[in-house]
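Hi,

Here is the structure I said I would pass on. Have a look at it first, and then read on for my notes.

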Amino acid sequence: NFKFLEATVKDTGIGMTQEEQKRLFGRFLQANHQVAQQYGGSGLGLMISKKFIELMNGTITFESEKHVGTMFTFTIKNNLTSEKDLESYHKEQEKSEKDKKERKKMEKQRILVVEDNKINQKIIMKLLEAEGHVCDVAENGALAVERVEEGRMYNMIFMDIEMPVMNGIEATEGIRRIERSRNKGRKMEEIVSVPIVALSGNVREEQQERAIRVGMNDYLTKPYG
C-alpha cells in the first residue's frame, strides 16, 4: 500500500543548454564557469538533493530552456503510515527531546564558526545553539586569525576550507603559529591549543590529509546534521 508525493519547482531564470543539462547532477559541477562566478555555490546542491530523493524511493526530473527557465519535479513513493508507526514515532520524538534537554544541562562551549556562506552559517549555528553552545562567526579565515590574535578564547573552531580572502588551510596555519608563539616557555599542562575541525564538501583523501597536516584535528564533510 503506497502513497505518492509530487512537487514541482519552476523558475523563469537563465535556463540551460542541452550541453549544460548533461552536467547537472555531477559532483562539484555547475552549468558553466560564468554561473559559478556570478551566483556562487559549490556545485553540490542538486547532487545531494537527487541522492536524498533516491533514498526515499523517489525520482527527480527536469525540463529547461536557455533564457526561458527551468522546472524540476520530484516524486516520492512511501508506505502508508499506520497508527502503530505514528505512536512509535511520537515516543522516539519525546525521548529525543528529553535527551536534548539533558545535553543542554552540560557545560556550554564557546565555538567559533568560520564559514563564508550565510545559509551554512545559520545551519551550523542552529545545530550548535540547540545543544546550548555559544557561537561566534567569522566570514573568512583572516577574520578567524584576527579573533584568535585578539585573545578571544574558544573551546572549538569549525573551519570551512574554501573561503575568500583567506582559506581554511591558511587560517589554521596562522592560528597554530600564534599558539606556538604564546606557548613558548609554558609547562606542558599550561599549553593551549584549540581543537580545529574542518568543514568541507571536498571528500578527496589528499585534501583531508593536508588539513590534518597543517594542524586541524578532524575533518567533517558536508552536508552535516
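To start with the salt bridges, the term here means a Lys or Arg side-chain nitrogen within 4 Å of a carboxyl oxygen of Asp or Glu. Keep in mind that this is a predicted model.

By that rule, E139 and K118 qualify: their side chains meet in a salt bridge, at 2.4 Å from N to O.

Next, D136 and R152 form a salt bridge through their side chains, at 3.2 Å from N to O. This one also links distant parts of the chain, with D136 in strand β5 and R152 in the loop between α6 and β6 (156–160), 16 residues apart. D136 counts as buried at 16% relative accessibility, whereas R152 is partly exposed at 38%. The two are also in a network, where salt bridges with shared partners join D136, R147, E150 and R152.

One more pair to look at is E206 and R204, whose side chains meet at 3.6 Å, N to O. R204 is partly exposed, with 46% relative accessibility. In the whole structure, the search turns up nine salt bridges.

Now the sheet. Five strands make an open sheet in the order β5-β4-β6-β7-β8, and the pairing is parallel. At the edges are β5 and β8 (218–221), each of which pairs on one side only. From one strand to the next, the twist averages 20°. Further in, β4 and β6 pair in the parallel sense over four bridges, and I111 stands opposite M156 in β6. Helix α7 packs on this sheet and touches β6 and β7, its direction making about 150° with that of β6.

Which residues does I175 touch, leaving aside its neighbours within four places in sequence? I175 is in contact with V145, V148, I157, M159, V194 and I196.

M159 is buried, with a relative accessible area of 0%. Beyond its neighbours within four places in sequence, M159 is in contact with V114, A144, G168, A171, T172, I175, I196, V197, A198, L199 and M216. Take V114 from that list: it is 45 residues away from M159 along the chain, yet their C-alpha atoms are separated by 4.8 Å.

Those are my notes for now. Send me your questions once you have been through the file.

Cheers

Notes
Residues numbered from 1 in each chain as written. Predicted model: local features only at pLDDT ≥ 70, side-chain atom pairs only at ≥ 80, totals over all residues. Heavy atoms only, no water. Helix = DSSP H or I, 4+ residues; strand = E, 2+ residues; numbered from the N terminus. Buried < 20%, exposed > 50% of the residue type's maximum accessible area, 1.4 Å probe, protein only. Contact = heavy atoms within 4.5 Å. Pairing = 2+ DSSP bridges. Axes fitted to C-alpha atoms, helices over the stretch in contact; angles between N-to-C directions.
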